[in-house]
Each structure stands twice: as structure tokens, then as C-alpha cells.
Amino acid sequence: MNPEVTMLLSNYVIKYVFKEVLKNRRIHLKQLRESLTEAPEIRASLSKEPELQTALSEPAAKKGITDAVFADVVQKKVADAVQQLKTAKLIDERPASIEDFNTYYVTENGLNAERELRQTATV
Amino acid sequence: MSKSYSLMADAVSGVSASGFALSGFIAVGLSLLIALIEIPSKSKSQLRACMGSPSFFYWLVLSFGNVVTTLLAWLAVVKIPASLMPFYPPLAAFFGVFGFETVLKNTNITMFDRGVLTIQNWIEKGANAAVAAAIAKQEDINEQEQDVLIKQLMKLSETEINTRILTKTGDPTAVTNLNAAATASSADPKLYKVFQLVLTLNRSERAALLTHKK
């Protein structure tokens with residue numbers, strides 16, 4: 001497999017986004033964000049982000065701030081992930097008039113990458 | 001190699017060429033059936049989205065591989081009692097097609113090992129090309145249908161749309177959350193909720209709205 005793709009999929013958020021697109025074959029940006037927000041392993045990993053570290057230091061009463069910052073971090077991470085996966089031609093995009101409903105679907109390169117990863121038991 | 005070849009020739013002697021041809025024909029037909037089931041299933045797309053040259057090419061490659069394994073399956077089929085000889089062709093096709101992997105692993109024709117494994121790779125790559133093409137074509141279909149559905153639903157009042165969303169989701173906070181998401185996206189709340197509603201429509205609801213388009 002292309003070493004750049006291997007390097008790309010070593011990022012846990014990008015790998016998670018890729019797996020979600022693969023699993024569903026097609027998914028909206030809104031669904032991707034919700035999926036990442038609800039995934040406990042992503043939440044645990046993203047809590048190390050500097051923005052969240054600052055928010056977590058706030059008193060417990062300001063949970064709303066933490067959730068808002070987390071949502072913002074997820075939004076940026078997902079946008080970055082889909083852009084990188086698109087550049088690597090593993091997924092493609094169908095834009096909608098509202099960005100939240102942009103559709104991302106797996107390409108032939110993405111399916112072939114999945115096959116190679118499955119053979120090396122990485123995905 | 002020559003020993004294996006003569007072994008095969010001894011085993012299948014007495015079977016007519018038409019028997020081989022019939023089993024090959026059945027194998028091609030079964031390959032078509034497998035492709036018609038596999039591609040829509042793997043692509044999560046409608047059958048009409050799966051019709052195209054990549055799927056045709058996949059069927060051709062699959063047929064080639066299955067015809068090869070069907071011919072190899074004759075080695076086992078000829079050991080079945082001669083009283084069942086009229087059924088040898090469909091049995092060879094069945095074992096060849098559905099025992100594809102088993103036949104490959106148990107063949108001792110080393111000359112063909114490399115070639116047969118290459119066929120397997122071609123089949124997987126052909127399947128991925130067909131699946132990817134079906135996914136892309138389904139997106140074309142979805143996009144066209146979505147435009148019509150959104151146009152239809154935008155004719156409703158916002159109150160009617162909110163009611164439909166609440167009925168669909170059963171979540172009393174759904175409308176509030178969608179309004180908030182629309183604001184965060186700088187999008188028209190009514191349009192945002194219509195987009196969301198379109199995603200929740202079942203097949204019969206979609207069909208009803210699509211047939212009533214003006």
C-alpha cells in the first residue's frame with residue numbers, strides 16, 4: 001500500500017472517519033460529527049487537545065463550556081479529516097447547499113485500501 | 001504437471017464435451033446471480049445503480065474464475081456414482097462456483113497456483129471497482145431525488161415541518177436542536193429541518209413525494 005496512505009491512517013481521528021465512511025458507504029458531515037462526539041475512545045483521545053485541557057480546568061459548573069469546546073474541536077478535526085481523505089482519493093464528496101448535509105462516500109481507492117489494511121489486520 | 005494432466009484426463013474420460021459446456025454455462029449464470037446480489041449488498045445501493053460497465057467487467061472476471069474452478073470441480077464430481085451422471089454438469093457448476101476457495105486450496109496443479117491466485121486478485125479488484133461505481137451512481141440518484149423532495153417539503157409551513165420532525169423522531173427537543181444547529185451553520189432553519197426530514201423518510205414516503213412532484 002501507498003506509504004502516504006498508511007501514514008494518513010495512523011491518525012486515530014482520520015482512521016475513525018474513514019472507518020465510518022467505509023461502514024456506511026455514504027455518510028453526511030453532520031452524522032460524522034455526531035458519531036465522533038459519541039465515540040468514547042475519540043472523546044478520551046481528544047481530551048488531550050490544548051483547547052479542551054483549558055476548558056477542563058474550569059469548574060465543573062461550566063460543563064456547558066467543555067461541551068461547546070469539545071464540539072468545536074470535533075468540528076475542526078472532522079473537517080480536516082475529510083479534506084485529507086479526499087486529497088488521498090480514499091473518499092469523495094457531494095456538496096449540499098448546507099454544509100452539514102455534504103455527503104462523503106468511499107471510492108475505489110478507499111475500498112482497495114480497506115482490502116490491503118484488512119490483509120495486514122490494521123483496520 | 002503431465003502426471004496431473006493425465007490424471008484429470010482419466011478422471012473425466014467418458015464425459016461429453018457438451019457436459020463440460022453445460023457446466024460452464026451454468027457457472028456463468030450463477031456468477032451473474034452472485035454479482036446481482038453482491039454488488040448492491042456491498043455498495044448499499046439500488047440495483048439500477050449497479051448497472052454499468054464496471055459491474056459487467058466484474059461479472060466477466062468472476063465468470064472466468066468460476067468456469068476454471070467448475071472445470072477443476074469435475075475431478076471430484078466424476079467420483080459420484082455413475083447413476084447420477086445426468087446431474088454432473090450442474091453439480092460441477094455448483095461445487096465450482098460455491099466451492100471456489102476450497103477448490104483453489106485443494107488443487108495440486110502447481111502450474112496454475114500462481115495463475116489462479118491472480119484471478120482471485122482480479123476478482124476482488126473488479127468487485128471494488130463495481131461497488132465504487134455503484135456507490136457513485138447511487139449518489140447521482142440520491143442527489144436528483146433529494147432536490148425534488150426538498151422542493152416538495154419546502155411548500156409546507158414551518159409548523160407542519162416541525163410536527164413531522166417531532167412525529168418522526170419522537171424527541172421533544174428535536175426541533176429546538178435542529179434550530180440551534182441551523183443557527184450554528186448560518187443556514188435557513190426551515191431548509192435545515194427539511195434536509196433533516198428528507199433523511200428520515202422511509203421508502204414509501206419518498207416514493208409518495210416523488211410521484212406527486214409538480
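A salt bridge here is a side-chain nitrogen of Lys or Arg within 4 Å of a carboxyl oxygen of Asp or Glu. The model is predicted, with local features needing pLDDT of at least 70, side-chain atom pairs counting only at pLDDT 80 or more, and totals for chains, interfaces and linings using all residues. Residues are numbered from 1 along each chain as its sequence is written, chains are lettered from A in the order in which they are written, and side-chain values use heavy atoms, with hydrogens and water left out.

**View 1. Salt bridge between Arg26(A) and Glu139(B).** The closest N and O atoms of this pair are 2.5 Å apart. Chain B and chain A share four salt bridges. Polar contacts join 13 residue pairs across the two chains, both residues at pLDDT 80 or more. (A polar contact is a pair of N or O atoms within 3.5 Å; within protein, one must be able to donate a hydrogen and the other to accept it, and residues adjacent in sequence count only if both atoms are side-chain atoms.)

**View 2. The side of chain B that touches chain A.** Helix 2 (17-43), helix 6 (110-153) and helix 9 (189-200) of chain B each supply at least two residues. Helices are DSSP runs (H or I, at least four residues), strands likewise (E, at least two), numbered from the N terminus. Helix 6 gives the largest share, 14 residues. By class, this side holds eleven nonpolar, eight polar and seven charged residues. (Ala, Val, Leu, Ile, Met, Phe, Trp, Tyr, Cys and Pro count as nonpolar; Asp, Glu, Lys and Arg as charged; the others, Gly among them, as polar.)

**View 3. Area buried between chain B and chain A.** The total is about 2,000 Å², and carbon and sulfur atoms give 54% of it. Asn128(B), Glu139(B) and Phe195(B) supply 26% of the area that chain B buries against chain A, more than any other three residues. (Buried area is the accessible area, 1.4 Å probe, that two parts lose on being put together, summed over both.)

**View 4. Helix 2 of chain B.** At 1.5 Å a residue, its 27 residues should span 39 Å, and the end C-alpha atoms are 39 Å apart, which agrees. The expected span is 1.5 Å times one less than the number of residues. Buried residues in this helix include Gly19(B), Ala27(B), Leu30(B), Ile39(B) and Pro40(B). (Buried means under 20% relative accessible area, 1.4 Å probe, protein chains only.) Just after the helix, Lys44(B) takes a positive phi of about 50°.

Notes: Buried means under 20% relative accessible area, exposed over 50%, partly exposed in between (1.4 Å probe, protein chains only).
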